Amino acid sequence: MTRTPFLTPLLGAALALAPVLAAADHGGEPIGDAIKDVPIFDAHIHYKEPAWEEYPVSQIIRFMDETGVAMGLVSSSPDEGTIMMYDYAPNRVVPELRPYREGATSSTWTKDPDMEAYLKQRLHDHPHEGIGEFHIRNRTMWDEDLFREIIDMAKADDLFLHVHSGADPIRWLYDLDPDVKIIWAHAGLGEPAREVHKLMSEFPTLMADTSLREYTILGWDNEIDPEWEEIILDFQDRLMVGSDTWINEQWDAYHGIIHRNRVWLSYFPRDVAEKIAYRNAERLFGRTISMDQIGTR
């Protein structure tokens with residue numbers, strides 16, 4: 001098999017502008033263009049119903065092959081999309097159960113009277129390894145009874161909750177159960193970097209994916225944001241990259257999104273870059289992730 005060269009002109013040009021990071025600050029020289037040979041675990045993939053016709057599963061896996069994405073954490077609206085991907089390429093997909101379906105949206109799912117039964121049935125029927133990604137948009141969604149049930153389901157099968165929220169709902173979930181396992185989607189997205197650092201300092205088991213943060217971490221001036229540099233170095237064992245293919249336009253842009261993540265990873269030492277690119281996911285999900293998976297199912 002001839003592998004796609006992952007060092008695209010976009011990536012190469014950005015790497016040429018990358019500063020030489022001080023070894024004293026970062027524990028070593030930046031990985032630089034060697035990042036092209038590092039497998040990526042995409043920790044935030046959706047294969048939602050509007051994509052099914054335009055992007056068959058075989059094309060999604062081809063996108064992953066072309067960008068060096070060896071494996072991904074997949075959730076979909078509805079869950080059938082995730083199962084389609086898992087059935088087609090089980091060695092490329094870590095499936096998680098998103099609660100959204102007809103009548104249960106990102107804003108209304110906690111009000112669905114059948115939600116607990118739905119989640120239990122889907123977890124019983126299919127090999128999910130997480131619950132999410134789900135939104136907690138405001139306090140009206142803080143349904144303590146439902147979330148205690150969800151936490152119990154997750155703990156029974158050693159699953160993560162993949163939570164799209166600000167900082168306060170994360171604190172609330174840990175108040176409900178300090179042992180709950182959480183991946184913070186987009187590292188809070190709307191939260192400023194100082195709040196991200198504060199929350200991850202408060203909760204030493206909190207993981208986060210950095211999807212949609214790639215242009216915040218590395219600005220248009222090709223400089224790493226100093227506050228995000230601190231987050232990345234302080235929490236290098238607890239971060240993963242992601243694409244967030246929540247609309248079809250994200251699939252259109254998938255190659256550029258993954259390349260942008262490779263660019264900012266290239267600024268950091270190999271051990272840091274590899275942890276965030278795939279090694280943290282290996283540890284969390286008990287997988288072996290390598291470039292050997294490219295081109296396989």
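Visitor: In strand 2, which residue is the bridge partner of aspartate 42?

Guide: This is a predicted model, in which local features need pLDDT of at least 70, side-chain atom pairs count only at pLDDT 80 or more, and totals for chains, interfaces and linings use all residues. Residues are numbered from 1 along each chain as its sequence is written, and side-chain values use heavy atoms, with hydrogens and water left out. Strands (E, at least two residues) and helices (H or I, at least four) are DSSP runs numbered from the N terminus. Within strand 2, aspartate 42 has as its bridge partner glycine 72.

Visitor: How many bridges join strand 2 to strand 3?

Guide: Two strands pair if DSSP finds at least two bridges between them, and strand 1 (residues 40-46) pairs with strand 2 in the parallel sense over five bridges. Strand 2 and strand 3 (residues 93-95) also run parallel, with leucine 73 bridged to valine 94 of strand 3. The number of bridges joining strand 2 to strand 3 is three.

Visitor: How many residues of strand 2 are buried?

Guide: Buried means under 20% relative accessible area, exposed over 50%, and partly exposed in between (1.4 Å probe, protein chains only). Strand 2 (residues 69-75) is mostly covered, and the number of its seven residues that are buried is seven.

Visitor: Which helix lies in the β-α-β unit with strand 2 and strand 3?

Guide: A crossover is right-handed if, with the strands pointing away from the viewer, the path from the first strand over the helix to the second runs clockwise. The unit made with strand 2 and strand 3 is right-handed, and its helix is helix 5 (residues 80-88).
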